[in-house]
Amino acid sequence: MPAIVVEILSSDEIRRTITRLSSQIIEKSRDLSQLVLLGVYTRGVSVAHLLARQIEALEQVKVPVGAVDITFYRDDLDQIGVRTPAKTDIPFDLSGKTVVLVDDVIYKGRTIRAALNAVLEYGRPDAIWLAVLVDRGHRELPIHPNFTGKQLPTSKEEQVKVYLQDVDGRDCVELIRTINN
């Protein structure tokens, strides 16, 4: 089916959004030495690394970054089929930490629910916050980001696609509308 593709965020806009999100995380954090970022595979990990680099540039504090694979925590495995999981990589203790879960897009909230379940198997943080690059609405669970780069009202028929340099070779966010003939 043909589609209309609209660029929502350019490379420069993504860079500015990462700077703003990083500043908000810094402002809310009482102790940056207790802050860790956990990206949700795949692009959430890339966004987490971008945030960590920006926090370090702003505050000269290196924030640890880990990665969470939610494959076996999903509630829709029967619909999507089993895929080869990525490796959860949390090379630090979560106990007593402020964990910022990071994802590229939040939609229904189910991915984040699965990520919360995965994180809690690795320790008991003092707090878990959520940072997303794009919030497209349509939540099915009572999950709301603490830090949002862009609110993007969408229809359920539309898609939001995030492209990041280290994964896709370019930086942009696109809204894709399928045209029904």
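Start with the open sheet: three strands, ordered 1-8-7, with antiparallel pairing. Keep in mind that this is a predicted model. Which strands sit at the edges? Strand 1, residues 3–9, and strand 7, residues 159–163, and each of them pairs on one side only. On average, neighbouring strands in this sheet are turned by 25 degrees against each other, ignoring direction.

Now the pairing itself. Strands in a sheet pair through backbone hydrogen bonds, parallel or antiparallel. Here, strand 1 runs antiparallel to strand 8, residues 172–178, and six bridges link the two.

Next, the surface. I4, V6 and I179 form a nonpolar patch there. Together they have about 200 Å² of accessible area. I179 is in the segment after strand 8. Is I179 buried, partly exposed or exposed? Its relative accessibility is 33%, so I179 counts as partly exposed.

Last stop: L50, in helix 2, residues 43–59. L50 has 26% relative accessibility, and therefore counts as partly exposed too. Buried would need under 20%. Leaving out residues up to four places away in sequence, L50 touches I18 and L164. Compare that with E157: 107 residues along the chain from L50, with 30 Å separating the two C-alpha atoms.

Methods:
Residues numbered from 1 in each chain as written. Predicted model: local features only at pLDDT ≥ 70, side-chain atom pairs only at ≥ 80, totals over all residues. Heavy atoms only, no water. Pairing = 2+ DSSP bridges. Helix = DSSP H or I, 4+ residues; strand = E, 2+ residues; numbered from the N terminus. Axes fitted to C-alpha atoms, helices over the stretch in contact; angles between N-to-C directions. Patch = residues over 30% accessible without salt bridge, like charges linked within 9 Å, V, L, I, M, F, W, Y side chains within 5 Å. Areas by Shrake-Rupley, 256 points an atom, 1.4 Å probe, with all protein chains shown as cover. Salt bridge = Lys/Arg side-chain N within 4 Å of Asp/Glu carboxyl O. Buried < 20%, exposed > 50% of the residue type's maximum accessible area, 1.4 Å probe, protein only. Contact = heavy atoms within 4.5 Å.
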